[in-house]
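Here is a short briefing to read alongside the model. Please have the sequence and the 3D view open as you go.

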Amino acid sequence: MRQLVIAGSGYKLVQVDQAGAEALIVAYLAPAGRYRDLFIHKVSPHVYLSIYLFPEVWKAELGYDIKYLYDASMEECKNDSKWKEIAKCIKASDNNLSHRRYYYFAKQVNHSSNYDVTAPAYAMNMLKKSEGEIWLPIHECERQLTVYHNLYPEIRGGFHTWVNRSITTTRKLRNLFGYPRHFYGKVDAVTVRKDAYSWVPQSTVGCITGIADSTLQRRIDSGELDFLEIWQNNHDSLLARCRDEDVTRT
C-alpha cells in the first residue's frame, strides 16, 4: 500500500529511521563483549558477520584470505588497511542475484538471531521477505545461526538469560523508559520467550519514535515547522511530507 501513496505535485515524502537502534539496545542489555564492540567502534554488524559466514566467497572475490581478521580486535578490524575494500566488496553483494546476496543474508541473521529465531523460522522469513526467491535449506540456516551465536555468546548467555530469569521470577519486563509488560501463561513456551526477547528493544524503539512524533507535531503546531506534515509513524521511523524546496530543511 505504501507504493500507492504519492506526495502530490510539488511535494516530496521524506522518511528517517533509527538505524540499528534495536541491535544497539541489545548490545547494552547483554554483557560487554564483541557484539557491543561493534557499536563502540562503528563497525557494520552485517559486514562483520559476513566475514565469518562466507569467507571463501570473499577470498574468491578479493583474491586473498580475509580470515586473518579473526584474530583482530574490533578496533584493529576498523583500522585495517584492507577494511574499506573488504566492506565495499561485501556490501556490493546486495546487487547479486537473490541466491548470492550474502550481505542480505547476514543482515537477516543479525536482525533475527537476537530474538533466538529457529532455523525453520529463519528459512520461512527469508522466503516471505524475498517473495519466494530465496530458499535456504534448513542445514544452511542452522549453520548461519550457529556461526552468529558462537561469535556473540553474550546474546544467549547474557541477554536471553536475563530475560528468562525476569519473566520466570517476576513475570514482568520493563523497557528502557520504565514501562512494564506482564507475561502470563507458561513462561517456558517458545512463543512467550521469543516475545519476551524482543519486547524491551522493540518497545523502547517505539517509545523513542512516539516521543519524536509528538515533539515534531508540537513544533509544527507552533509554526516553527509549518512546512512539514507528519503522515505516518512506522515504529522505528517517521514519514512526513514537505514541499520540494523544503527537503533539505527537513
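Rings of Phe, Tyr and Trp (its six-membered ring) are taken to pair if their centres lie within 6.5 Å; planes under 30 degrees apart count as stacked, over 60 as edge-to-face and the rest as tilted. By this rule the chain has 11 aromatic pairs. The model is a predicted one: local features need pLDDT of at least 70, side-chain atom pairs count only at pLDDT 80 or more, and totals for chains, interfaces and linings use all residues. Residues are numbered from 1 along each chain as its sequence is written, and side-chain values use heavy atoms, with hydrogens and water left out.

**Aromatic pairs**

- The rings of Y35 and Y148 have centres 6.5 Å apart and planes at 70 degrees, so this pair is edge-to-face.
- Y35 lies in helix α2 (residues 34–40) and Y148 in helix α9 (residues 138–151), so to speak distant parts of the chain, 113 residues apart.- Both Y35 and Y148 are buried (under 20% relative accessible area, with exposed over 50% and partly exposed in between; 1.4 Å probe, protein chains only).
- In a second pair, the ring centres of F54 and F105 are 6.2 Å apart and the planes are at 55 degrees, so the pair is tilted.
- This pair also links distant parts of the chain: F54 is in the loop between α3 (45–53) and α4, F105 is in helix α7 (residues 102–113), and 51 residues separate them.
- F54 is buried, as is F105.
- Ring pairs also join Y35, F39, Y148 and Y152 into a cluster.

**Charges over rings**

- A charge sits over a ring if NZ of Lys or CZ of Arg is within 6 Å of the ring centre and within 35 degrees of the ring normal.
- The charged end of K82 sits over the ring of Y64, 5.4 Å from its centre.
- R101 has its charged end over the ring of Y104, 4.4 Å from the ring centre.

**The chain as a whole**

- Of the 250 residues in the chain, 43% are buried.
- Among contacts (heavy atoms within 4.5 Å) with a separation of 6 or more, 59% are between residues 24 or more positions apart.

**Helix α3**

- α3 is mostly covered, with 9 of its 9 residues buried.
- The buried residues of α3 pack against α2, α4, α5 (74–79), α6, α7 and α9.

**Where α4 meets α6**

- The axes of helix α4 (residues 55–62) and helix α6 (residues 83–92) come within 11 Å and cross at roughly 110 degrees.
- That makes α4 roughly perpendicular to α6; angles of 65 to 115 degrees count as roughly perpendicular, under 35 as roughly parallel, over 145 as roughly antiparallel and the rest as oblique.
- W58, E61 and L62 of α4 make the contact with E85, I86, C89 and I90 of α6.
- These residues divide into 5 nonpolar, no polar and 2 charged, where Ala, Val, Leu, Ile, Met, Phe, Trp, Tyr, Cys and Pro count as nonpolar, Asp, Glu, Lys and Arg as charged, and the others, Gly among them, as polar.
- Axes here are lines fitted to C-alpha atoms, for helices over the stretch in contact, and angles run from 0 to 180 degrees between N-to-C directions.

**A look at R181**

- R181 is found in strand β3 (residues 180–182) and counts as partly exposed at 26% relative accessibility.
- Leaving aside neighbours within four places in sequence, R181 is in contact with R171, K172, L173, D195 and W199.

Methods:
Helices (H or I, at least four residues) and strands (E, at least two) are DSSP runs, numbered from the N terminus.
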